[in-house]
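Work each one through yourself before reading its solution.

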Amino acid sequence: MAASKPVEPQSGGGLPRWQLALLLGAPVALGLGAAYLWQRSRAKEKRAGERKTPEGSASPVQGQRGATQPEHEDMSPLDRAQAAKNKGNKYFKAGKYEQAIQCYTEAISLCPKEQKSDLSTFYQNRAAAYEQQAKWTEVVQDCSQAVEMNPRYVKALFRRAKALEKLDNKKECLEDVTAVCILEAFQNQQSMLLADKVLKQLGKEKAKEKYKNREPLMPSPQFIKSYFSSFTDDIISQPLQKGEKKDEDKDKEGEAAEVTESSGYLKAKQYMEEENYDKIISECTKEIESKGRHTAEALLLRATFYLLIGNATAAQPDLDKVINMQDANVKLRANALIKRGSMYMQQQQPQLSTQDFNMAAEIDPRNADVYHHRGQLKILLDQVEEAVADFDECILLRPDSALAQAQKCFALYRQAYTGNNPSQVQTAMDGFEDVIRKFPKCAEGYALYAQALTDQQQFGKADEMYDKCIELEPDNATTYVHKGLLQLQWKQDLDMGLDLISKAIEIDNKCDFAYETMGTIEVQRGNLDKAIDMFNKAINLAKSEMEMAHLYSLCDAAYAQTEVARKYGLKPPTL
C-alpha cells in the first residue's frame, strides 16, 4: 500500500512499517512496550486492582494501641500516631475523607521524625484521601514526602504519577510510572497501561510540533525504487517513451537522453531515470504553472514526491486535483486515489482510506494495483478474508504479480498462525515454497517466507531466505535489520545482530528502521544515552507525523529510564 511514509514497500526486506508489529516478533511496538518488551516476555502478566485504599488496618492490630482503646499517658508517640492513622482509615473506608485527612495529619504530627517508614505511610494515606477529593497538588506534595523517606515506595510513586497526569505534568508522571514498572518487574498491567498512555500522549505532542517545522528529506534511491516497484499500472513511473527523448549523440555515449520538448514533466521523468530525485518537484511545478499538456501527470508525480519526503500537507491538494479531473486518464486518477487512501491510513483515518480504495476500484476495475494495495489495507484492518479476495483479483488481472502472490500467502499464514490451525499453517508454508519456486527473483517472497519461518522457529532456513534477499537486493538496508534481529532471537548473538544493523546504516544512512531497531536494542543493553541518540536520528528521518510520534515515545521511554536510574538507582534487567 502506497503510504504517506511510502513504506519501504513490497521489495526485499522492505516491508511496510505498519506490518512490522505483525512480522517482526521483536520490540517495535508503540510506547513503553517497545522499550520493555523483552522484560515483559520474561514475566507473567499480573493484574492489579486499583490502589485506592490507605495502608494499615482500620482496627487495631496486635502490638498496637488503636483509637478504640482509652488513651493512656504511657502510650509512645508512635503508638499514638498509629492510633490516629487507624482512626483515619476507618473514616476513609466510610467515605469521610475530610475527617480521615485530619486523623492522618495528626498521625504525621505525632510520629517521631526518625520513624521514616511509618511517616511515609501516613503521608501516603493522606495523599489517598486527597486523591478522593481530586486535590491533585496536595496528592503530589504528600506523595513526594513519602517518596523522600522511602524512595522505592510503589504506592506513593504510582499515586503521584496519577496526580501528575491530572496536572498535565506528563514528563514527571512518566518518570514515576517508569520507576513503578521497574519495581513491579513489569508485571502490573495497570501501571504499564498508564506508562503507555502517557508515552503516546507525549509522542503525539512532540511530533506535532516537530513535524510542522521539519526539513523535507529525500529518502535513499533504494527506498524510492522499492516504492515505485509496488505499482504496475502507474503511468508516471514508466520510462520515457520513444519520441519523448532524442537519440543519444555518439560523443555523449553513456549519458542520459535529453527530452525533445521544453516540458517540465518530461524533464522530471528524465531526472527519475537518472535518479536525480531532488529536481523532480521543481520541474513538475514548471509544468503545472505553464499549464502544459502533462499537467495531470505532473500533479501526480509532484504529489508522489511530496509523500516521499513526508509532506502530506503539500501532497493532498495535488492528489485532490487529479482525482477530480474527469477528463484525465483513468489510471492517473486511480493511482491518485490509491496514494491518497494510503495517506489517510497513515493518518489513522481508515474510513476515508477505504472510501478512496473503493472509488479507485469503481473507476478502474481492471487496475491490478488497486486490489494489491487495498489487500494490504484489509490486512491492516484485520479483514484477512477480504484481503485474500483482493490479492486473488490482483493475481487474476496480473498472473505474474509475484508481490501479490507472496502477500496473499502471508495473509493466509497469519490467519492460520493466530488462529492456531496447524494444517492451514502448513498449507500456507507450502504456498510460500510455490511462490519462491515460481518467482525466484522476487525478494519479497523470500522476506515474507523468512518471517513465517521465524514464527515457526525454523531459524536456519529463515536465515537462508534473508541471504537470498540480500543476494537479490544488496542495497536494501531493511533486510540486514531483519537478519540482525533473527540472530538475536535464534542465537542470542548480540554482536552479530548489531553488526548487521550497523551494516544496514552503512548501506543507507537514511534508514530510520535501522536506527530505531538499534536504539531499542541499546535500551535492552542498558546503554540508554546511545539509545536516545539512535532514536533522535530516527526521528529526524521520519516521513510521517504518526511515525515520528512512535519514535518520540521510544525516546521518551529511554530518557525516563535514565532519570529513574539517576534519582533512585533503579534499572531494568539488561541483556
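This is a predicted model: local features need pLDDT of at least 70, side-chain atom pairs count only at pLDDT 80 or more; totals for chains, interfaces and linings use all residues.

Residues are numbered from 1 along each chain as its sequence is written, and side-chain values use heavy atoms, with hydrogens and water left out.

**Exercise 1.** Work out how many helices and strands the chain has.

Start with the DSSP runs, numbered from the N terminus: helices are H or I with at least four residues, strands are E with at least two. Counting these gives 27 helices and zero strands. Next, burial: 57% of the 575 residues are buried, meaning under 20% relative accessible area with a 1.4 Å probe, protein chains only.

**Exercise 2.** Decide whether glycine 264 is buried or exposed (over 50% relative accessible area).

Then check its relative accessible area, which is 9%, so glycine 264 is buried. Now look for contacts (heavy atoms within 4.5 Å). Setting aside neighbours within four places in sequence, glycine 264 touches Glu283, Cys284 and Glu287. Finally, its C-alpha atom lies 8.7 Å from that of histidine 294, 30 residues apart along the chain.

**Exercise 3.** Find which helices the buried residues of H10 pack against.

List the buried residues of helix H10 (residues 221-229): Gln222, Phe223, Ile224, Ser226, Tyr227 and Phe228. Then trace their packing partners, which are H11, helix H13 (295-308) and helix H15 (330-346).
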